Amino acid sequence: MLTKPSKNPAVKRSLVLAGGGMRVAYQAGVLMALEESGLQFSHVDGTSGGIFNTSMLASGLSPKTMAEKWRTLKLKYFVSTRKVKDYLHMFKMQGYADADNIRKKVFPHLGINLKNINANAEINATFNVCNFRTKSVEAKPNTTVKEDHLIAGVSLPLFMPAIKIDEDWYTDAVWIKDANLIESVNQGSKELWLVWAIGNSPNYLKGAFHQYVHMIEMSANGGLLEEYRYIHKLNELATADEKIKLFVIKSQIPLPLDPDFFFNKINARELVNMGYAQAKGYLQNYKPEGELLDETASASEEPDFLLTFRSEYFGKLAFNSKQTPVQLFIYTRFAQFPDKQVCEVYSSIKIGREELEIPTYNYEIIGGNQELKGVSKFVLDGKEMTLTTVQKLSSPIEIAMGLGFKQIEIKVQAEDGSTMIEGKLYQSMGSRLKSLYSTNLSTITDKRTGLRAKLKMFKAFINHVKTKTS
């Protein structure tokens with residue numbers, strides 16, 4: 001069990017779930033990978049958007065169930081406007097929306113249940129809120145936290161009002177800190193596993209929205225740096241066995257912002273798949289001594305251009321001697337930096353109508369003259385499977401117009417090499433046309449991102465994968 005505290009753990013670990021708006025669906029994928037790794041945590045701490053996932057864990061949900069809850073959540077639940085008359089006095093409003101839908105729709109759908117949280121003796125969880133009177137962060141334990149604390153903890157100033165609890169006003173702690181490492185230190189943890197969903201880019205972008213995001217980045221990362229300094233001083237006084245180690249799971253290329261989520265440029269499925277694959281990669285390669293306690297721990301790389309697109313395939317294939325519905329979902333990010341190109345592919349597979357969706361990891365692209373071959377892994381019933389896919393490479397204009405990637409050949413093999421599933425899946429015309437809308441090209445430069453730029457990026461993508469070898 002991921003979060004079952006042990007009375008005498010060899011190493012006491014804290015799982016620190018930082019904020020990141022609705023993008024924290026990413027964390028559900030990370031938690032799936034952590035659970036598969038066998039790591040156990042005696043303490044879980046949530047701040048801002050991380051409160052959603054901390055609350056789900058404290059409500060008794062498994063990471064797999066959490067991922068499915070995020071995949072099926074309707075984004076409109078996050079939208080909750082105030083009374084029309086309130087907008088006649090816009091400059092006197094505490095927030096331009098309210099928390100009614102989060103309380104009545106988001107929490108119930110995600111399985112967040114206060115009674116279960118308060119009564120859960122199998123977890124030691126804390127939830128961070130900002131006490132506006134004292135201008136300080138309070139970490140509320142799961143045994144005594146109130147639902148109003150959970151709501152206040154995700155009430156970002158300007159967008160949502162503060163909440164009065166007893167005699168004090170409470171709000172999101174993000175402007176002070178977006179991850180409470182010190183609470184984990186106070187809990188006696190020697191390993192701090194931070195799941196970071198906010199970017200830390202060196203580029204200062206134009207526009208009011210970008211600069212609002214930059215303010216959050218500055219507060220969040222600035223708070224981390226202050227806590228690093230405190231932990232560093234503690235480590236100077238500690239023996240080798242008592243030093244505190246930091247491990248950080250993050251996306252090297254920043255996660256898309258909430259507007260991209262709202263406008264379906266990315267969805268919860270893709271965020272879950274991304275979190276799972278990136279966490280699996282981190283766990284395979286992380287350094288036992290942990291990360292350096294400096295700005296590099298949360299640093300990200302922002303490409304000059306980032307192209308993203310998705311494809312969704314369906315069909316019926318033989319599995320366990322029966323014709324079974326199979327679905328495959330693929331999300332691609334192709335990034336251009338001044339000195340390199342990076343292609344990331346995240347996917348998930350669903351076998352059967354009632355089964356949970358399974359994300360893949362270790363996705364490798366193997367190029368060919370006129371085809372795109374992918375090899376990845378996934379875990380089915382506790383066993384590692386190999387998924388091999390082959391797609392025909394269309395022209396850049398066909399892909400850009402949503403007319404490419406009509407079908408895909410798949411093969412699922414067990415560890416002993418036996419073939420479990422094999423055949424073709426197809427992408428409907430509707431899915432292909434929807435991909436035209438969801439395909440997105442963003443840039444940090446002043447250059448255009450219209451159709452001509454997209455065609456250029458798709459051409460670069462095709463040339464990149466053709467030269468890729470295993």
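Me: Which residues does Asp178 touch, not counting residues up to four places away in sequence?
Reply: The model is a predicted one, and in it Asp178 is placed in the loop between strand 6 (168-171) and helix 7 (181-186). Leaving out residues up to four places away in sequence, the residues that Asp178 touches are Ala18, Gly19, Gly20, Thr47, Ser48, Trp196, Ile198 and Ala220.

Me: Is Asp178 buried or exposed?
Reply: A residue counts as buried when its relative accessible area is under 20%. The relative accessibility of Asp178 is 1%, and therefore Asp178 is buried.

Me: Where does UniProt place the feature "active site", and why can its residues be said to gather at one spot?
Reply: According to UniProt, in an unreviewed entry, the feature "active site" is at Ser48 and Asp178. They span 131 residues in sequence, yet they gather at one spot, because no two of their C-alpha atoms are more than 6.6 Å apart.

Me: With which residues is Ser48 in contact, leaving aside its neighbours within four places in sequence?
Reply: Ser48 sits in the loop between strand 2 (43-47) and helix 2 (50-58), and with a relative accessible area of 8% this residue is buried. Once the neighbours within four places in sequence are set aside, the contacts of Ser48 are Gly19, Gly153, Val154, Asp172, Val174 and Asp178.

Me: With which side chain does the side chain of Asn200 make a polar contact at 3.0 Å?
Reply: Asn200 is found in the loop between strand 7 (191-195) and helix 8 (208-237), and its relative accessible area of 17% makes it buried. Its side chain makes a polar contact with the side chain of Asn221 at 3.3 Å, whereas the polar contact at 3.0 Å is with the side chain of Ser298.

Me: How far apart are the end C-alpha atoms of helix 10?
Reply: Helix 10 (residues 268-285) has 18 residues, which at 1.5 Å a residue should span 26 Å. The computed distance agrees with that expectation, since the end C-alpha atoms are apart by 26 Å.

Technical notes. Residues numbered from 1 in each chain as written. Predicted model: local features only at pLDDT ≥ 70, side-chain atom pairs only at ≥ 80, totals over all residues. Heavy atoms only, no water. Helix = DSSP H or I, 4+ residues; strand = E, 2+ residues; numbered from the N terminus. Expected span 1.5 Å × (residues − 1). UniProt positions renumbered as here; feature names shortened; annotations may be inferred. Buried < 20%, exposed > 50% of the residue type's maximum accessible area, 1.4 Å probe, protein only. Contact = heavy atoms within 4.5 Å. Polar contact = N/O pair within 3.5 Å; in protein donor to acceptor, adjacent residues only side chain to side chain.
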